[in-house]
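Dear colleague,

I am passing on a structure that may be new to you, and I would be glad if you could look through it together with the notes that come with it.

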Amino acid sequence: MHQEQTILHTLTNTPVQCQVTVIFDGERTLFELSSDGKALVDAAIDAGVDAPWSCHAGVCCTCKAKVLEGQVHMKHRYGLLDEEIEQGYILTCQSHPTSETLVVDYDV
Ligand code: FES
């Protein structure tokens, strides 16, 4: 549960502007995303990343990625086991950054 407390965080009333780095197919893409903005996978797609998704409801895990640095708030996490969260995995269709920097890797 220690890692869950590290990567998962609740949203605050004051939005956080985050510098996001997404790693996909070995390429790094940087973009800014507010904690009250789009879901991480949608922002990544807008930034040109061919990020995978399917249900967009937190069930299928197609959008699963690993947090290497930073924190997120996940609205739903139906498809993730506690052990996966402990290892740093998130569902990017349900995730919003809560830290000023965030590094997420789809390749792991
Ligand atoms: S797209 Fe299905 S869990 Fe995110």
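Below I describe the sheet, then one of its strands, and then the nonpolar core.

Please keep in mind that this is a predicted model. It contains an open sheet of five strands, which follow the order S2-S1-S7-S3-S5 with mixed pairing. Strand S2 (27-34) and S5 are the edge strands, and each has a single partner strand, so one side of each is left without a neighbour in the sheet. On average, and with direction ignored, neighbouring strands of this sheet are turned by 35° against each other.

S1 and S7 run parallel and are joined by five bridges, whereas S3 pairs with S7 in the antiparallel sense over three bridges. Val104 in S7 stands opposite Val22 and also opposite Val67, while Val103 in S7 is the bridge partner of Glu69. The covered face of S7 holds Leu102 and Val104, and the uncovered face holds Thr101, Val103 and Asp105.

Val104 leads on to the largest nonpolar core, which has 24 residues and in which Val20, Leu40, Val41, Ala44, Val72, Ile90 and Val104 have the most contacts. Among the elements that give two or more residues to this core are strand S1 (17-24), helix H2 (40-46) and strand S7 (101-105), and H2 gives the most, with four residues. If neighbours within four places in sequence are left aside, Val41 is in contact with Ala51, Trp53, Cys63, Thr92 and Cys93.

With best wishes

Note on methods
Residues numbered from 1 in each chain as written. Predicted model: local features only at pLDDT ≥ 70, side-chain atom pairs only at ≥ 80, totals over all residues. Core = buried A, V, L, I, M, F, W, Y, C linked by C-beta atoms within 7 Å. Buried ≥ 20, exposed ≤ 12 C-beta atoms within 10 Å, placed from the backbone. Contact = placed C-beta atoms within 7 Å. Pairing = 2+ DSSP bridges. Axes fitted to C-alpha atoms, helices over the stretch in contact; angles between N-to-C directions.
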